[in-house]
Amino acid sequence: MNDTAKVIGAIVLIGLGVFFFRSGSAKIEQSQDFPDGTHWICLACKAEFAKSLDEVADWNSANPEKSIPCPKCSESRSVRASKCPLPECGRHFTGSMVEINGEVCCPICKKPVP
Ligand SMILES: [Zn+2]
Ligand SMILES: [Zn+2]
């Protein structure tokens, strides 16, 4: 292998690395963590609602000082929440999952989550 081949090889490797890094991180953001957008709880009326990542990004760039407005009471007093993945529960909650008998459980229905 001569020097030119080595340089070309290095450039190709860097290019592939950047490509995989970009596509990998975009995938995680879209599908793994937020399959149906982001979840919110309104502190004013306790409504639970979801917003897509695009809606949140649009709102944040237009209103950097305010949090997402509640669709029910229009107050900008919402906080990010997690959603229980169990279909019979599906409630939103702030904070993290709880551990019961060594299993990670939803803090509302107290059942182990998958
Ligand atoms: Zn509200
Ligand atoms: Zn639950």
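1. Basis of the model. This is a predicted model, in which local features need pLDDT of at least 70 and side-chain atom pairs count only at pLDDT 80 or more, while totals for chains, interfaces and linings use all residues. Residues are numbered from 1 along each chain as its sequence is written, chains are lettered from A and ligands numbered from 1 in the order in which they are written, and side-chain values use heavy atoms, with hydrogens and water left out.

2. Overall make-up. The chain has two helices and six strands, where helices (H or I, at least four residues) and strands (E, at least two) are DSSP runs numbered from the N terminus; along the sequence they follow the pattern α-β-β-α-β-β-β-β. Of the 114 residues, 20% are buried, a term that means under 20% relative accessible area, with exposed meaning over 50% and partly exposed in between (1.4 Å probe, protein chains only). The accessible surface of the chain is about 8200 Å², and 58% of that surface belongs to carbon and sulfur atoms; the areas come from the Shrake-Rupley method with a 1.4 Å probe, and for residues only the protein chains shown count as cover. Among contacts (heavy atoms within 4.5 Å) between residues at least 6 apart in sequence, 34% join residues at least 24 apart.

3. The zinc ion (ligand 1). Its protein donors are Cys 42 (SG), Cys 45 (SG), Cys 70 (SG) and Cys 73 (SG), which lie 2.3 to 2.4 Å from the ion and follow the spacing C-x2-C-x24-C-x2-C along the chain. Donors here are N, O and S atoms within 2.8 Å of the metal (3.2 Å for Na, K and Ca), and sites may look incomplete because water is not among the atoms. The four donor atoms subtend angles of 107 to 116°, which makes the arrangement tetrahedral, the criterion for four donors being that all angles lie between 85 and 135 degrees. Cys 70 is buried at 3% relative accessibility, whereas Cys 73 is partly exposed at 31%.

4. Cys 89 lies in the loop between strand 3 (78-83) and strand 4 (92-93), and Cys 106 in the segment after strand 6 (103-105), so the pair ties together parts that are 17 residues apart in sequence. Cys 89 is buried, with a relative accessible area of 16%, and Cys 106 is buried at 0%.

5. Two residues of strand 1. Thr 38 is in strand 1 (residues 38-42) and is buried at 1% relative accessibility; its side chain makes a polar contact with the side chain of Trp 40 (2.8 Å). A polar contact is a pair of N or O atoms within 3.5 Å; within protein, one must be able to donate a hydrogen and the other to accept it, and residues adjacent in sequence count only if both atoms are side-chain atoms. His 39 is also in strand 1 and is buried at 9% relative accessibility, and its side chain makes a polar contact with that of His 92 (3.3 Å).

Methods:
Tetrahedral: all angles 85-135°; square planar, octahedral: opposite > 155°, others 65-115°.
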